[in-house]
Every structure is written in structure tokens, then in C-alpha cells.
Amino acid sequence: MLDAYWASAIFILLAEMGDKTQLLGIAMATRFRVTTVVLGILAASFATHFLAVLLGSYMTNFVDIKLIEIIVAAFFILFGLWTLTGDSLEGEEKKTYFNAFWTVVITFFLAEMGDKTQLASFSLAAKYQSFFAVWSGAVTGMILSNLVGITIGIVLGRRIPQKALKLVTAAIFIVFGFLGLIQNTQGVMGRNVILTVAIIITVLGILFLYAKHKKGR
């Protein structure tokens, strides 16, 4: 059991380093409080890797992973635009905490669906046939790797001006969103339409937010 736990923890930790969800943790840490991000990632990791270990490839019988990835990519673009609005958690902490928490949970949950670390959890579960050991090990690896990302996010948050940080964070989300759309719409009917609509929405969103910012000055 310990072999399955440590194998899963180390494998997921290494697989997650530099992955989009770790970069997502960096971006989240520049925007929300550390405890909110850590608890959100923990909850999302429990859920996604529970599904991976319990259901594994069976999910593909009734859920199209490519469709999930397209939805996730679109969500990343929208989250990038939302980042540019400048909303923060300063003040009214109790009122905004749960909104921030669920934002982190839902974003990480969607980002992990069909990701290589979730598929790795399924493979490890099939190999070791130890549900709890693989599940807990995978969650441990996810948390450790994202603690690295959160630490980087905190350091960046202290060293980079807030305005520049907001632009960088938004760019990370939007770039990953478009990369996801490009990768997962290959061979999909209406691919050009999907990409065109995404570009139009992104440009219009940026222009709208820029005009709103100029008006608010």
C-alpha cells in the first residue's frame, strides 16, 4: 500500500510540474488569498482524482473528453477576461470568500478533467489495484506541486506591479484557452467557426474592458 501511495505521489508531482494546472495555481495565488487557493485546489484534487481512480476510462463511454477540453479552453478565455476586470478580495472578506473558493474549485476541476495527471491516476489505480493509496497519493502529489506554484505566485505578487501582474495572469489564461481550442478542435466540424467566435469574443471583451477602464478614470 505504501508503495502505491509513494509511487502515485511522486509520479503525479513530477507530471504536474510545469503543467497548465500548476501555472493556474501561480495565477490564482496572485489573485486570491493563499488559504483560499490551497483549500480550493485540495477540494478539486479530491474530486477529480476520485473520479479518475473510481471510473477511469469508463468515463469516455459516456463523456467525450475532447468536448470537455473544448469547454475548459473556453472557460480559460473567459476567466482571463474576468481577470482583467480587476475584481479583488479586498474588504468584505466573509462575503467574497466562498465566491473565490468556488471559483478556484470549479476552475481546477475543469482544468484537470482529461488532463494527463488525471489519466495517470487511472493508470496507477489499474496497476496497483489500491483505491485509497493511489487516490491519496495523487492528491498529495497535486498539492505539493501546486504549493510550489502558489509560492511562486506569492513572490510574483510582491515583486511585480499589480497592473502588470493582472495583464500577465490574464494572458496566461487566454493563451492556454486558445491553445486548448486549437488542439482539441482538430478534425472537428465547424472548427474555424469556433476559433473565429472565440477570437471575436476575446477582442470585443478586451475592447469593452479597456473602454470601461478609460471611462472610469
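Guide: Here is a quick tour, from the overall picture to single residues.

Visitor: What am I looking at, and which cut-offs apply?

Guide: It's a predicted model, where local features need pLDDT of at least 70, side-chain atom pairs count only at pLDDT 80 or more, and totals for chains, interfaces and linings use all residues. Residues are numbered from 1 along each chain as its sequence is written, and side-chain values use heavy atoms, with hydrogens and water left out.

Visitor: What's the mean pLDDT?

Guide: The mean is 78, and 82% of the residues reach 70 or more; pLDDT is the predictor's confidence in each residue, from 0 to 100. Over residues 87-95 the pLDDT is below 50, and that stretch has eight contacts in the model beyond near neighbours in sequence. Contact means heavy atoms within 4.5 Å.

Visitor: How many helices and strands?

Guide: Nine helices and zero strands. Those are DSSP runs numbered from the N terminus: H or I with at least four residues for helices, E with at least two for strands.

Visitor: How much of the protein is buried?

Guide: Buried residues make up 43% of the 217. Buried means under 20% relative accessible area, exposed over 50%, and partly exposed in between (1.4 Å probe, protein chains only).

Visitor: What about helix 2, is that enclosed or open?

Guide: Helix 2, residues 20-29, is largely enclosed by the rest of the structure, because nine of its ten residues are buried. Among them are K20, Q22, L24 and M28.

Visitor: Switching topic: how many aromatic pairs turn up?

Guide: Four, from a search of the whole structure. One of the pairs is Y5 with W6, edge-to-face at 5.1 Å centre to centre with 80° between the planes. F46 and W135 also pair edge-to-face, at 5.5 Å and 75°. For the terms, rings of Phe, Tyr and Trp (its six-membered ring) pair if their centres lie within 6.5 Å; planes under 30 degrees apart count as stacked, over 60 as edge-to-face and the rest as tilted.

Visitor: Where do F46 and W135 lie?

Guide: F46 lies in helix 3 (residues 34-54) and W135 in helix 7 (residues 131-159), so the pair ties together parts that are 89 residues apart in sequence. F46 is partly exposed at 36% relative accessible area, while W135 is buried at 18%. F46, F50 and W135 form one aromatic cluster.

Visitor: What does V53 touch?

Guide: Leaving aside neighbours within four places in sequence, V53 is in contact with S121, A125, F131, V134 and W135. V53 is in helix 3 too, and it's buried, with 11% relative accessible area. Its C-alpha sits 6.0 Å from that of S121, 68 residues apart along the chain.

Visitor: And I77, buried or exposed?

Guide: Buried, with a relative accessible area of 4%. I77 is in helix 4, residues 65-83. Beyond residues up to four places away, I77 touches F173, I174, G177, F178, L181, A198 and T202.

Visitor: Last one: which residues make the nonpolar surface patch?

Guide: I199, I200, V203, L204 and L207, covering about 460 Å². V203 is in helix 9, residues 191-216, and counts as partly exposed at 42% relative accessibility.

Visitor: How's a patch defined?

Guide: Its residues have over 30% relative accessible area and no salt bridge; like charges are joined within 9 Å, nonpolar side chains (Val, Leu, Ile, Met, Phe, Trp, Tyr) within 5 Å. A salt bridge is a side-chain nitrogen of Lys or Arg within 4 Å of a carboxyl oxygen of Asp or Glu. Accessible areas come from the Shrake-Rupley method with a 1.4 Å probe, and for residues only the protein chains shown count as cover.
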